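I opened the model to look up a few residues and the ligand site. My notes follow, entry by entry.

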Amino acid sequence: MTNTTSKFDKDMDRDAAILLYGNAFAGLFITFITSTFLVFAFTYPSVEHFTLDWWFVMTFVLLVRLVDVAWWKIKLQNTEFDGKRSVLFFVTGANITAVLWAIYLVHSTTMNEDIEVATTIIAIASMAGGSVAVLTAHKFTVMFYPLILLLPGSISLLLSDKYNFQLLGVLGISFTLVIIVIARKSADFTRHTLFLKNQNANLILRMEEKVKQRTQKIYKLSNLDPLTHLYNRTAFLNQLKQLTTTNSSPFALLFIDLDGFKKINDSIGHKAGDEILRKTAERLKVFMLNSPLLCRWGGDEFLVIFEEHNPELIVKNAKQLIDVLSQPIAIENSILSVGATIGVALYPQQANTEERLIQFADMAMYYQKKQMRSTVGIFSEQMEKLYSYELHLKNGLSKAIEMQQLRLVYQPILSAQGLNVVSFEALLRWQIDGENIPPDNFIGIAEQYGLIHEVGAWVLQTACAQATQWQSEQSLAICVNVSVIQLQDAGFINIVKDALNNSKLVPERLYIEITESVFASDIVFIEEQIKQLQTMGIKVSIDDFGSGYSSLSVMQNLAVNMVKIDKSFVDNIDCHGGAIISAVMHIAATLGFLVVAEGVETEAQADALLKLGVHYVQGYKYSKPIESKQVNDYLKSNFNLLSTDSNKIANSTE
Ligand code: C2E
Ligand code: CA
Ligand code: CA
């Protein structure tokens, strides 16, 4: 504001100078002609001494002023000159001229002939009148100039003895007063006009500045990510498009995805999450030497362009970048750290459009993450094949229920002692166009794309409904595999309730099999969900026990009903597997859960497991998973084969 104000004043001064200097040549010329005429015309050649001296002084002043005017016109006029200074120079010259005129007039009234005095006063009065137009840009001067020109002379005439002179004196004074009133009005008017002119200019200037600020704001809003100030998607895509259409030199696109970010965001909070993203962006900027080609692609994903074509160097640099990004970050009294997995796509060898580049780098990151977090992977064609296969599965899976391509098969779980069937585990099968797709291939995809909720609900409904069709003397349990993602869904409890209500299956017959990965997620919420299921009477098994990370305290807290020892330990029962199973049996005795050994294939394994005291067995040795409609036949033959020893899992686990 102060800036624009002082600029406003400066502009006003400059305009005043332009007006004053603009008319200066004509003014100086008239002054010179008039002074020369008055001095020489009447008395030449015997010009009076004083008048001649006066003429020299006046001519000198006029010459100095002429130089000043010329200097201004040539050197200053078209520059950002100091208006105040120029005005001061000009009015000083003008007022000295005025004083000289006053001296001349007073002198001539005392010395000269009637006609000469009359002519002089007429000439000077006309100049005083004319000065109003020329000096109007400076209020003091425009009033002082005619005043000093006429008033002293007129008073002097008034005081003389001659009646004619006295008349001239009265005329002169009246004329002076009129001119001064006009001069004042003219000066005010001029100043007002200049004021309006500059005010408009000032307004326009301020508007322009506002427009500029707005434009910058809009640029920021539409091009930069507000949190990290890196490019957003749209802006980065534009940049990348330009690079791919104009730049022929090769480069690498890095797709960076933070590892462990979601966990911090969910557990510690969004503030900490934001801080990590900001810090990551900062580190990226430093590492990339402030290269502008950085982008926050979304969430915890970043894109970077490396102007390098040698894959080895790219990987080396990317590894360094991972090290930099993985350094601990201090946030609110705690030290947090995230990792980063990087996928790389090469331009132009692998892709030459911005969409393909990003897609390939994303794929490379995705497969790298599956293999090992916090490492670098360069895109390969194999990944694209794998990706299109996954996409094909994903698209197929979303229609699988509707197209009735899903079905459940059942693998019996038997008591280790009497080998009578106590339960069946429901295992999902998907057949598409005659092709069987193993669950290990599609469950992950269903989880990733959120299809697991619908598929999982179908499994629960179907398993509960089919379990009520089993014809058995004993109350057989049904074990259903449930993904962590299903458990994380608040609606899961209702899905289970629906399955039980629709099938009329008693809750006590239902076992939910969850893997150890639950211990790695938001355990508080999941514990709550599991406890709700348990209060309904439903039981809980820990699947693939020993292959992941289990927390004994959480297991105790949850009162886990059953643990299924992973097949890998059964396979290794002769080596360390046996020792581990033995240890599990001890914990089982303490915490009070039952133990199933999975994937039993041989007689030797079965014998060893029996000796170790395992409660139940499951595996190809006893039966592969069987079709739903064959379950009753299987039960019949099993019943005939075995004694009806009553090791009833559903009852004994209470
Ligand atoms: P899982 O829950 O550990 O299931 C046991 C897997 O081992 C089954 O494979 C079963 O057929 C296989 N198996 C059983 N006995 C033997 C044996 O003696 N030797 C060998 N080599 N394998 C044996 P399947 O049916 O292919 O299922 C694989 C995995 O898919 C399951 O592992 C489970 O994690 C998942 N899955 C299957 N159905 C569902 C489901 O309905 N929902 C969810 N969320 N996951 C499911
Ligand atoms: Ca299972
Ligand atoms: Ca298992």
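Entry 1. Is Ser 374 buried, partly exposed or exposed? I found Ser 374 partly exposed, because its relative accessibility is 30%. I used these classes: buried is under 20% relative accessible area, exposed is over 50%, and partly exposed is in between, with a 1.4 Å probe and protein chains only. Ser 374 is in the loop between α12 and β7 (376-378). Its phi is near 55°, a positive value in a residue other than glycine.

Basis of the notes. I am working from a predicted model, where local features need pLDDT of at least 70, side-chain atom pairs count only at pLDDT 80 or more, and totals for chains, interfaces and linings use all residues. Residues are numbered from 1 along each chain as its sequence is written, chains are lettered from A and ligands numbered from 1 in the order in which they are written, and side-chain values use heavy atoms, with hydrogens and water left out.

Entry 2. Most residues other than glycine have a negative phi, and most peptide bonds are trans. Ala 559 has a positive phi, near 50°, and sits in the loop between α19 (552-558) and β14 (562-565). I noted Ala 559 as partly exposed because its relative accessibility is 46%. The peptide bond from Tyr 347 to Pro 348 is cis, with omega near 0°. Pro 348 is in the loop between β6 (339-347) and α12 (354-371). Helices (H or I, at least four residues) and strands (E, at least two) are DSSP runs, numbered from the N terminus.

Entry 3. I turned to ligand 1. Which residues come nearest to ligand 1? Of the 21 around it, they are Gln 411, Arg 429, Asp 543, Glu 601 and Tyr 620; a residue counts as near if one of its heavy atoms lies within 4 Å. The shell holds 8 nonpolar, 5 polar and 8 charged residues. Strand β9 gives the largest share, 4 residues.

Entry 4. I listed polar contacts, meaning pairs of N or O atoms within 3.5 Å. An oxygen atom of ligand 1 is 2.9 Å from a side-chain N or O atom of Asp 543. A nitrogen atom of ligand 1 lies 3.1 Å from a backbone N or O atom of Leu 428. A nitrogen atom of ligand 1 is also 3.3 Å from a side-chain N or O atom of Ser 483. Alone, ligand 1 exposes 790 Å², and the protein buries 82% of that; areas come from the Shrake-Rupley method with a 1.4 Å probe.

Terms used: A polar contact is a pair of N or O atoms within 3.5 Å; within protein, one must be able to donate a hydrogen and the other to accept it, and residues adjacent in sequence count only if both atoms are side-chain atoms. Ala, Val, Leu, Ile, Met, Phe, Trp, Tyr, Cys and Pro count as nonpolar, Asp, Glu, Lys and Arg as charged, and the others, Gly among them, as polar.
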